[in-house]
Amino acid sequence: MDSPCSGKLLGFRRIAQEKLQHVFYSIPSEKDLIIEPALIKPLEHVCGATWLRKKGIDKIFKFDPKNPPPKRKQFIYFITANLLTFKSVLDQISGYQSQTSSLMEPDIRAKQYHVLVLPSVLASFEHLLEEEGLHGIVELYNFQWDFLLLDDSLLSLELPNVFADVFVRKDTTPLSSIAQSIRIFNLVMGKPDLIFSLGENSEKVLHMVQRIESAKRVGLSNISAKGDQKPHVQTAEKGSDFAAMLIIDRDRDYPSCLLTPVVYCGLLLEIQPLNSGSLVVDAENNKIKNGKLGFLQQEHSSTASKQEVTALRMSGAQDMIYFEHRYRHFSEVISLLSSQAKTLGLEGKAYSREMKLHEMKDYVTNKLPKVAAAKKELFKHLRLCETIVEEIGANFEKHQMIEESILTNTNRKQIINYIMELLSSDAHMYNTLRLICLYHVTIGLTSEDMTKLMTGYLNSFGYRHLTLFHNLFQARLFPDTTNLSKTKILSQISIPTLKTPFQIEANKLKQLPTDSNEPNTPPTADRDSTGIATVSAGTSTGKTCPSYVFNGNYIPLVTQLSHMILAASSFDNLNARLGHLERFKVSGRALAGSGQFTDPLGPPRPIKELSASSHKVTLNQLLPFKEKTMFIFVIGGITYAEIAACHLLERTIGAKIVLSSDRVIAGHDLIESVVNC
């Protein structure tokens, strides 16, 4: 990463610290902090305990509704914008209030209770505060840390439940928080010349950014009109560190989330939960075991002694072993880790009685601790690899073949039989449902198959999950189960010999190397120090391409869009490649108008419309980009498979791509959020 860009990305931490410091300084005297457990790991990316104590925080407690800490001084609660969590906080505060003398009137000028809400205070919080009789006693604050740097070129907002809220419940409240963070990003990094959006929610976010910018400009103009001082504000003319920005909805590319990845970092998330870049390493408990029925887990119960639960930082700067292997094909990782283990074993035996006294001292003091630390870190990765092999290794090859058949719309009967077999013998609450959703997204379920699969799932996990299928329908992951007329049934039946709408669209963008009659055209690259494996991509040339993240079966949409945008020789060329995409729109500094209150980003407009407008000449001058730099934001969660594919593209074409989302997820997490919605 270029040092100026790297420094600016690290600057988001400083901005978050300034926001937090402002809240703490507004509360006089010492105070104790009570933090929701889910926010501890993300907060570590912003500040540490030493920093908090310097800002007036005396003691730090985990929030536990059943075990409140002793009341000593002012309390600051730090929670997510969840009404049930807020109710638990108010119950705890009511308990503290009942312990004080009822004759003492509360001093509302010096409130003892402060609640910091991520990302913003909901209107329902204010109503609940009044209902509980705590209005005037509790002070509410908004707080948003914006972008957290999890790894090199990987940012995250760490906002909970965005996919469930936006795509299932159709609640667009989280989009305002995303828009605020995008605006901060534009202020720090500069507004890109071109901003591309794909999806309804992405377009809404850009409209929100525009409204915020317009309101700020009007406010600043009013201030400068009243006084002689000129406000210091970043102008739209400032250059940007990125030539282009791409904002895309998660539902525009479900396969990238539902398919099983083969890269090491992707498979780690299939096994263990991730919290703000930290992966839990627990041999006794994982996602596979938690999703299976109880009687299926008895066969695999571990008799070995329990091992301590540790954490693995999925950051190349924090873990060199992870840095070396994160984007490798998993088939390579085990053998390479075994070789490293043998090398460390030999280094550990390097001690000899024939050593001189000063050599022994140097070995014990310097080398031995490093070898021991390296062995400990390597042991974590070996445990994780062992868990991956145990939990998904036995059925992995067959599962990959089934996923390839789903993508290419072949062997439909075999696919349905495989899913039914899973439901009857090895049912998993999330991963089996994930395969069903992949089938519907790519091929489309007929009423007969839909009924069969629903019945099989409900028989395995209980009919209390009946409403789950409506939630899946809301997210476009399952057909409508409430109104199946004959017309709808007929529309769901497609002739097996014809390509599905998904295949037609994916082939236009050359996302299916295994289902294309034309030579594969994705960028290729030789193996280098990052160790990306060469994977045969079906009928393609067999060279390494971004499809390697899914064993050569599929190229993520964000990767293909990024390649087409960065490689476009002109705007006409871009229009020919991407003009057919529904809701694919363009805005940015290049489309800005003139005037004091004109939107500096320009309204998002379709590519086809722009190709016939007066902006065409300007846009043609921008392309091809002199600097191949791009910022990507995925609304609803981004996967490590997409990150790995973009990393390959980045090295292949000599670009710089920074990826971001509200969370880093796996397909398991996406389905789980719908189940628990």
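User: What makes two strands a pair in this predicted model?

Analyst: Two strands pair if DSSP finds at least two bridges between them. Strand S1 (residues 31-35) and strand S3 (residues 74-80) have five bridges, so by the cut-off of at least two they pair, and they do so in the parallel sense. Within this pairing, Lys31 stands opposite Gln74 in S3.

User: Which strands make up the open sheet, and in what order?

Analyst: The sheet has five strands in the order S2-S1-S3-S4-S5, with parallel pairing. From one strand to the next, the twist averages 20°.

User: Why is one side of strand S2 and of strand S5 left without a neighbour in the sheet?

Analyst: S2 (57-62) and S5 (138-142) stand at the edges, and each has a single partner strand, so one side of each lacks a neighbour there.

User: Which helices lie across S3, and at what angles do they run?

Analyst: Helix H4 (residues 83-99) lies across S1, S3, strand S4 (113-118) and S5, and runs at about 165° to S3. Helix H5 (residues 123-131) lies across S3, S4 and S5; its angle of about 175° is given to S5.

User: Why is His465 called buried?

Analyst: Buried means under 20% relative accessible area. His465 has 12% relative accessibility, so this residue counts as buried.

User: Where is His465, and which residues is it in contact with beyond its neighbours within four places in sequence?

Analyst: His465 is in the loop between helix H19 (447-461) and helix H20 (468-474). With those neighbours left aside, His465 is in contact with Met429, Tyr457, Leu458 and Val675.

Note on methods:
Residues numbered from 1 in each chain as written. Predicted model: local features only at pLDDT ≥ 70, side-chain atom pairs only at ≥ 80, totals over all residues. Heavy atoms only, no water. Axes fitted to C-alpha atoms, helices over the stretch in contact; angles between N-to-C directions. Contact = heavy atoms within 4.5 Å. Buried < 20%, exposed > 50% of the residue type's maximum accessible area, 1.4 Å probe, protein only.
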